Amino acid sequence: MRELKIQTIKNGSVIDHITAGNAVKVLHILGIPKTSSSTISVAMNVKSKFGKKDIVKVENRELDPQEVDKIALIAPKATINIIRDFEVAEKHKVKLPKEIIGIVRCSNPTCVSNFNEPVESRFIVIREDPPRIKCYFCEREPEDIAERII
Amino acid sequence: MNFKGRDIISIKDFSKAEINYILECSKKMVPYAKGEKYTNILKDRVLSSLFFEPSTRTRLSFESAMNRLGGRVIGFSDPSGTSQKKGESLADTIRMADAYSDVIVVRHPQEGAARLAAEFADVPVLNAGDGAGRHPTQCLLDLFTILTEKKKIEKNKIVLLGDLKYGRTVHSLAYALSLYGAELTFVSPGSLKMPKEVINECKELGVEPISTSNLEKAISDADVLYVTRIQKERFPDAEEYNRVVGIYKIDNGLLKHARKDLIVMHPLPRVTEIDPEVDKTPHALYFKQAFNGVPVRMALLSLISGGRL
């Protein structure tokens with residue numbers, strides 16, 4: 001088992017290989033720390049053999065891989081490591097779900113999803129890596145997904 | 001092929017086989033659309049016609065289509081007389097129309113509005129144009145016009161001219177014509193070029209559109225010239241509009257460079273882009289094209305309502 005480059009935790013989750021600079025956005029997408037009272041550590045611009053990366057460590061909480069999949073939008077190469085008693089018990093590579101709901105704002109200012117309607121933003125995933133998504137309502141493809149995170 | 005209960009939101013929701021089927025049904029509707037034959041297949045059915053934006057042809061042809069099928073129409077053509085004025089959401093307006101009718105036709109200035117309407121309605125929703133987005137029934141009537149005049153859609157040389165950036169009809173049409181493998185040429189002012197997304201869609205379907213600003217050369221061997229209006233209402237500022245309006249004008253002088261069997265189409269309304277002198281030439285197909293809206297919309301209304309001739 002490969003040693004993680006940040007301080008080990010006893011139990012919890014480590015999100016590794018996040019595109020450098022995107023760790024805070026990843027936390028935002030996951031709703032952390034709002035949804036969690038766990039201790040959270042963030043390491044940014046960590047050197048690795050593939051260049052720089054960010055790492056997020058959430059103690060005493062096992063993140064549901066499917067819940068974390070949506071971070072593939074901005075960190076398509078990220079992995080989720082579930083840590084139990086200092087060991088990597090499970091490892092999962094993020095995979096974009098077919099639809100992204102309520103996370104990205106449509107880049108089209110005249111899209112109906114940007115008006116006062118009782119709907120969440122909704123995108124269909126066209127390609128996973130690099131991610132390409134299309135608005136379910138107006139079919140516009142945002143080019144700068146990271147900038148459109150709600 | 002079963003269309004009962006289906007929404008008509010985007011031409012991309014339909015396969016080529018399904019489009020062919022709709023066009024076949026449209027052909028059967030022509031004598032009924034002309035009033036030469038009569039039918040009551042949608043007797044006692046009610047259509048909600050919700051036009052949040054101005055329209056002449058789309059609204060009247062939908063209403064004519066429903067009446068020709070024996071159905072009835074309720075609705076509005078000016079939202080200022082509705083609760084939208086009081087701040088009601090589109091979703092709530094759609095819920096009401098859903099309760100009062102069997103099919104909903106909606107035109108709205110916001111892109112994606114028809115898709116949203118379909119989310120809140122149990123009855124079928126037909127998109128009659130959503131902002132600069134989609135206009136699938138216009139696309140189908142354009143295909144129907146090309147098919148009836150040229151006897152085929154595939155391999156025609158088709159020039160799309162004018163506002164290719166904001167024009168919703170040309171986006172749907174470029175995609176649909178690519179499904180059939182038509183040869184496409186896009187002619188527009190530099191600031192109103194066809195969006196990359198649309199060009200990429202054509203390429204994904206195996207068509208390599210040519211983009212040019214030379215109209216005379218583009219029409220020299222074309223089968224179809226599809227002209228669009230420079231849409232003032234879609235421009236963010238008047239200065240940009242004034243720079244491009246009137247750049248291209250179709251008149252008999254220009255058409256001397258075209259083949260005799262070139263057909264000139266236009267979704268209408270036109271302003272100055274086609275000189276009225278063209279109306280009297282065999283090239284002018286735009287009024288017949290506008291009529292074709294009735295049989296095509298009759299076919300769609302009957303198919304999604306489960307009515308059969």
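Analyst: **The largest core**

Of the 61 residues in the largest nonpolar core, B:Leu143, B:Leu160 and B:Leu301 touch the most other members. A nonpolar core is a set of buried Ala, Val, Leu, Ile, Met, Phe, Trp, Tyr and Cys residues joined through side-chain atoms within 4.5 Å. Buried means under 20% relative accessible area, with a 1.4 Å probe and protein chains only. This core takes at least three residues from each of domain 1 (11-132 + 293-305) and domain 2 (136-289) of chain B. Domain bounds come from an automatic or database domain assignment.

The model is predicted: local features need pLDDT of at least 70, side-chain atom pairs count only at pLDDT 80 or more, and totals for chains, interfaces and linings use all residues. Residues are numbered from 1 along each chain as its sequence is written, chains are lettered from A in the order in which they are written, and side-chain values use heavy atoms, without hydrogens and water.

Now take B:Leu160. Leaving out residues up to four places away in sequence, B:Leu160 touches B:Val170, B:Leu173, B:Ala174, B:Thr185, B:Phe186, B:Val187, B:Met194 and B:Tyr226. Contact means heavy atoms within 4.5 Å. A second, separate core has 56 residues, including A:Leu27 and B:Val125.

Chain A has its own domains: domain 1 (12-93) and domain 2 (99-148). Their centres, taken over C-alpha atoms, are 23 Å apart. The contact takes 8 residues from domain 1 of chain A and 10 residues from domain 2 of chain A.

Key: Buried < 20%, exposed > 50% of the residue type's maximum accessible area, 1.4 Å probe, protein only.
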